[in-house]
Amino acid sequence: MTLLNATHIMAIPDWPESERPREKLLKLGAANLSETELLAIFLRTGVSGRSAVDLARELIQHFGSLTSLFTANQEALCQLPGIGIAKYTQLQAVLEMSRRALGETLKSGNVLNSPKLVRDFLRLSLANKQHEVFIGIFLDAKNHTISTEELFSGTLTQASVYPREVIKRALHHNAAAIIFAHNHPSGNTSPSHADKELTQTLKQALTLIDVKVLDHFIIANGSILSFAEHNLI
């Protein structure tokens, strides 16, 4: 019997040590594990007839990706075998700690030198929102983060964004630049005509107080679109 077949009927402690996710992580580092193995370590245990690795694989297949799994709501997760309220709350705690750690890192350096960090932070901050949320990352003259704020929130499809309030917050922080981001709960990152108009309105308003708009991101289902990269700003 091959290991591939055996692992589906053998408990993880009975696997060869080199194949156990926890031991592999300790020996090789977390970066060398698959998504399934990393999730299995988080789950710790499987369900009747299925190991934690089997369960992790099925969960990723069910949601389509780790990002979709992480952003699923409580009802969608807890109705599945092996995921109860305890694991759901643990997952939310892990995600929030990750978001805060990324936020701390953003404050310590030039955000223009860390585009992936900014994107990862925004995904964690917005991808699981069930309604539309509009945030601003306020930056100083060296492009270091001063503050990240949720500026407006709205219905599933629309948020009311008021340029005057954005200007007030920029002046409050004595910001030199700002990055905007909002989510599309619909799952489509394509900017609407209203998104484009709003971005230009904010850019023009902030120019009056010498604050640059560096970018505007749209986040949906873990994907992200940059206005700057698409020459929309």
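Reply: A helix here is a DSSP run of H or I that is at least four residues long, and helices are numbered from the N terminus. The model is a predicted one, and its protein chain has 10 helices and five strands. Of the 233 residues in that chain, 40% are buried, while residues 24 or more positions apart account for 56% of the contacts with a separation of 6 or more.

The part to look at closely is the packing of two of these helices, α2, which covers residues 21–28, and α3, which covers residues 35–43. Two packed helices are described by the angle between their axes and by the distance between those axes. For α2 and α3 the angle is about 115 degrees and the axes lie 9 Å apart; because angles of 65 to 115 degrees count as roughly perpendicular, that is how these two helices are described. The crossing in which α2 passes α3 is left-handed. On the α2 side, Pro-21, Arg-22, Lys-24 and Leu-25 take part, and they meet Glu-37, Leu-38 and Ile-41 of α3. Sorted by type, the residues of this contact are four nonpolar and three charged, with no polar ones.

Key: Residues numbered from 1 in each chain as written. Predicted model: local features only at pLDDT ≥ 70, side-chain atom pairs only at ≥ 80, totals over all residues. Heavy atoms only, no water. Axes fitted to C-alpha atoms, helices over the stretch in contact; angles between N-to-C directions. Parallel < 35°, antiparallel > 145°, perpendicular 65-115°, else oblique. Left-handed = near helix turned anticlockwise from the far one by under 90°. Contact = heavy atoms within 4.5 Å. Nonpolar A, V, L, I, M, F, W, Y, C, P; charged D, E, K, R; others polar. Buried < 20%, exposed > 50% of the residue type's maximum accessible area, 1.4 Å probe, protein only.
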